Structures are given as C-alpha cells and as structure tokens.
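User: Hi! I'm new to reading protein models and would like to work through one with you. Could we take it step by step?

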Amino acid sequence: MPNSTPKQLGRALLGLLLGLIWLIPFYLMLTNSFKTKQEIFTNPLGVPENFTTANYPEAFTQLDFLKTLFNSLVITIFSVVFIIIFSAMCAYALERSKTKISTIIFMGFVAAMLVPFQSVMIPLVSIFGKAQMLNQVGIIFMYLGFGASMSIFLYHGALKSIPKALDEAAIIDGANRFQVFWKVIFPMLQPTTVTVAVLNTMWIWNDYLLPSLVINSPDTQTIPLKMFFFFGQYTKQWHLALAGLVIAVLPVIIFYFFMQKQIIKGVAEGSVK
C-alpha cells in the first residue's frame, strides 16, 4: 500500500486481526473434526497429527443427514417461495395505491420488523397448537408471517424506482393488473428478489428456536434441531460432535459463497432506491 496513510493501514490491520479472531472457532471445529478423540484432548489447538476422516461417515449416519437435509430443504424452499410471492404482491399493492390506508399498513409492516419473536412465541405456539398446526405446514406459515415484513420493505423500496407509466402502458395494451405485475413489474425486481431469497434462506436454514417449539416428530427435524440433539448426545465424543457440526454448516456456507455477490448487489440497490 504505497499511498496508504497510517490511519488506513491501521484500519486494515485491525480488520485483518478481527477477521482472524472470527475465524478461530471455524479453525478449531474443522481441524479437530479430523482428529481422534484422544488427540483432541492432548492437542486441541494444533493441526491433526494422525489425520483421519473416519469421524465423518459415523456422524453422517448418526445425523440421518439425508432425511434431515430433505426436511430443511422442504421447509426452507416452500417458506422462501411463499415469502417472495406474497411479499412482492403486497408491496406492489401498497406502493401503487398511495393512500393513507396503504401508508398506515406499510408502516405497520415496518414496525413489525422491530417486534422480537420471543415476545410472541408463547401465544403463537398456543394458537397453532389448538389449530393442530404444530408441524411442517404450520412452521412454513409462521415463517411467511415473520419474513414478510422485511421482504415487503425491500420490495417497496425497489418499486419506487419503477415508473407507473409502465403499468399504464401495459394496461392500455390489454393486460390486467395480475398480468402487469407478473409479466412486467416482477421481472424488473430480480435483484431484490435474489436478496430476499438469500437473506430468508440463510435465516430459515439456520433457525433453531422456532423449529424447537413447533416440530415434535424426529422424522421432520431440521438440521439445526437435529444437530442440537446430536451434539448433546455426543458431548463426550468431541470428534463425532465436531464432524457433525462441519456437516451441518457446510450446505449454508456453500450457498453463501455462491450467492454473496447477489447479496451485496441487492442490498446496495435496495438502499439507494
């Protein structure tokens, strides 16, 4: 950095230091997952001396990973699809109407973003229990409710940059409101849709609290929920527990690395619209 000032260099070094500190837990998890049980206790910080991959097949089997992965995929995919569809339509209706009622409703969605889940989880679970919806269908419906506020906020901001003249031109050409939205407006919201999809996918995929309250059957447990019971069962067998952790976090890490450019692009565009 030939043109860098001492202040900029100090910030870069501080950022590097914080990044290394943030990576320490991942380093410990990854390196110890390739060690034997004895080596973890004798050399927890070093690289594996007796490198072994035997921990992973056993952890994979004990986690029943394929079924658990399928459960997480079903809940995540359906939840995200419903969030995108209903949030985009709701934001379009609120942004295009421009009435006091639509403004109040939109502000209500914005205010709902500040409501913590912990404050409503007991009455929510009680209501869904009475309706016999403490299952996968119920949790998808809950994720739609909790994810809609932020998604509507992002779509609403993006729609402000799309002129109403496009709607009017499509209506003059014979399109109805439904066709105007899905064939003209929604394709122009692709960056925001990617952002909404990625952010909600990472949230739903990693969520533990809501599935722990709603999902009671072992056959429908998600990866975070299964990992909680697995880690509790193997707390004295750290080689298996850490291998299970690596398997559990690997899908979302891969997903994030493939989608990180879209996350940054979508959030940046949404912030300036």
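Predicted model: local features only at pLDDT ≥ 70, side-chain atom pairs only at ≥ 80, totals over all residues.

User: Is L20 buried, partly exposed or exposed?

Analyst: L20 sits in helix α1, which covers residues 6–32. Buried means under 20% relative accessible area and exposed means over 50%. At 48% relative accessibility, L20 therefore counts as partly exposed.

User: Which residues make the nonpolar surface patch of about 710 Å²?

Analyst: L20 is one of them. The whole patch is made by L9, L13, L16, L20, W22, L23 and F26.

User: At which residue does α7 bend?

Analyst: Helix α7 runs over residues 136–159 and has 24 residues. From its first C-alpha to its last it reaches 32 Å, close to the 34 Å expected. Still, α7 bends by about 45 degrees, and the place is A148.

User: How many of the 24 residues of α7 are buried?

Analyst: Buried here means under 20% relative accessible area. By that cut-off α7 is mostly covered, and the number of buried residues is 17.

User: Which residue caps the N-terminal end of α7?

Analyst: Look for a side-chain oxygen that lies 3.2 Å from the backbone nitrogen of V137. The residue that supplies this oxygen, and so caps the helix, is N135.

User: What distance separates the C-alpha atoms of S217 and M259?

Analyst: S217 is found in the loop between α11 (209–214) and α12 (223–233), and with a relative accessible area of 30% it is partly exposed. Along the chain, S217 and M259 are 42 residues apart. Their C-alpha atoms are separated by 32 Å.

Notes: Residues numbered from 1 in each chain as written. Heavy atoms only, no water. Helix = DSSP H or I, 4+ residues; strand = E, 2+ residues; numbered from the N terminus. Expected span 1.5 Å × (residues − 1). Bend = angle between axes of the 7 residues up to and from the residue. Buried < 20%, exposed > 50% of the residue type's maximum accessible area, 1.4 Å probe, protein only. Polar contact = N/O pair within 3.5 Å; in protein donor to acceptor, adjacent residues only side chain to side chain. Patch = residues over 30% accessible without salt bridge, like charges linked within 9 Å, V, L, I, M, F, W, Y side chains within 5 Å. Areas by Shrake-Rupley, 256 points an atom, 1.4 Å probe, with all protein chains shown as cover. Salt bridge = Lys/Arg side-chain N within 4 Å of Asp/Glu carboxyl O.
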